Amino acid sequence: MARTLDPVTHTVRRDAFIETASRLIQTKGYERMSVQDVLDDLDVSRGAFYHYFDSKEALLEAVVDRMAEAVIANVGAVLDDPDMRAPQKLELLFSTIGRYKAARRDLVLAILDVWLSADNAIVREKVRRGTVPRIAPVLVSIIRQGVREGSMAVDDADEAALVVVALFQGLSEQAGDLFVAHAAGMASIDAVVRTYGAFTSALERVLGLPIHSLKLIDEATLRWWFEPDEGAA
């Protein structure tokens with residue numbers, strides 16, 4: 001007789017691998033972390049690991065995926081607020097993502113160290129593709145509300161949401177490149193601010209919003225990310 005899988009137990013055990021990997025990536029770095037490190041920390045067998053993940057790269061994918069799930073879960077209740085206008089909900093979505101990452105800055109930066117590596121291009125592309133079905137419905141809901149209330153002007157909310165997702169992914173990639181370049185002394189903080197401003201302006205145009213009406217991230221927060229020592233002073 002085939003063994004019946006308890007879905008709750010399966011989820012709990014899989015979550016334990018993801019939580020442990022997140023902590024080890026933050027403290028040791030992804031490249032230095034091995035599957036054996038995860039096994040030793042949890043005191044489980046290699047077979048137990050491969051029951052949930054087929055590789056170390058798959059575990060990294062799960063860590064990043066879990067972060068995206070948490071952001072959407074955190075912002076969901078407020079996005080349903082009937083008294084909040086669509087542009088404010090859009091700002092809330094981006095600010096929630098920013099706060100979530102800020103609270104896990106060391107983990108985010110540890111992942112960034114390997115995210116731009118050619119060795120992880122497949123994982124990066126899988127996560128990119130997985131982002132669309134997760135965040136697009138949230139954006140569609142916001143944009144449709146914006147059209148109804150007259151704060152946004154688009155021909156098709158679904159198509160506009162896909163464009164916004166593409167802009168967001170492009171900004172995330174550009175931010176990663178700028179972070180590395182800034183750390184190497186090859187990009188100024190002013191260049192970072194201009195880049196974020198350009199993406200924000202593009203988003204306003206796509207959604208038919210007034211120029212300079214959106215504030216996705218303030219300059220002080222950007223400086224804190226790129227120059228934490230100066231920002232803390």
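A: Lys56 is placed over the face of Tyr30, 4.3 Å from the centre of the ring. A second case involves Arg104, which lies over the face of Tyr100 at 3.7 Å from the ring centre. These placements, like everything that follows, come from a predicted model.

Rings also pair with one another. The count of aromatic pairs, with ring centres required to lie within 6.5 Å, comes to 8. One of these pairs joins Phe17 and Phe53: the ring centres are 6.0 Å apart and the planes stand at 80°, so the pair is edge-to-face, a term applied to planes over 60 degrees apart. Phe17 belongs to helix H1 (residues 7–28), while Phe53 is found in the loop between helix H3 (46–52) and helix H4 (56–79), so the pair ties together parts that are 36 residues apart in sequence. Phe17 and Phe53 are both buried.

Another pair is formed by Phe94 and Phe168, with ring centres 5.4 Å apart and planes at 70°, so this pair is likewise edge-to-face. Phe94 is in helix H5 (residues 86–103) and Phe168 in helix H8 (residues 157–183); the pair therefore ties together parts that are 74 residues apart in sequence. Phe94 counts as buried because its relative accessibility is 13%, and Phe168, with a relative accessible area of 18%, is buried too; the limit for this class is under 20%.

Two packed helices are described by the angle between their axes and the distance between the axes. On the H8 side the contact includes Ala160, Val163, Val164, Leu167 and Leu171, and on the H9 side the residues include Ile189, Val192, Tyr196, Phe199 and Leu203. By class, the residues of this contact divide into 15 nonpolar, 4 polar and no charged.

The wider chain gives these parts their setting. Its secondary structure comes to 11 helices and 0 strands. Of its 233 residues, 42% count as buried, and the C-alpha atoms fill a box of roughly 60 × 50 × 30 Å along the principal axes. Among contacts between residues at least 6 apart in sequence, 69% join residues at least 24 apart.

Most residues other than glycine have a negative phi. Asp43, although not a glycine, has a positive phi of about 55°; this residue is in the loop between helix H2 (35–42) and H3, and its 70% relative accessibility makes it exposed. His212 also has a positive phi, near 65°. His212 lies in the loop between H9 and helix H10 (219–226), and at 69% relative accessibility His212 counts as exposed.

Notes: Residues are numbered from 1 along each chain as its sequence is written. This is a predicted model: local features need pLDDT of at least 70, side-chain atom pairs count only at pLDDT 80 or more; totals for chains, interfaces and linings use all residues. Side-chain values use heavy atoms; hydrogens and water are left out. Rings of Phe, Tyr and Trp (its six-membered ring) pair if their centres lie within 6.5 Å; planes under 30 degrees apart count as stacked, over 60 as edge-to-face and the rest as tilted. Helices (H or I, at least four residues) and strands (E, at least two) are DSSP runs, numbered from the N terminus. Buried means under 20% relative accessible area, exposed over 50%, partly exposed in between (1.4 Å probe, protein chains only). A charge sits over a ring if NZ of Lys or CZ of Arg is within 6 Å of the ring centre and within 35 degrees of the ring normal. Contact means heavy atoms within 4.5 Å. Ala, Val, Leu, Ile, Met, Phe, Trp, Tyr, Cys and Pro count as nonpolar, Asp, Glu, Lys and Arg as charged, and the others, Gly among them, as polar.
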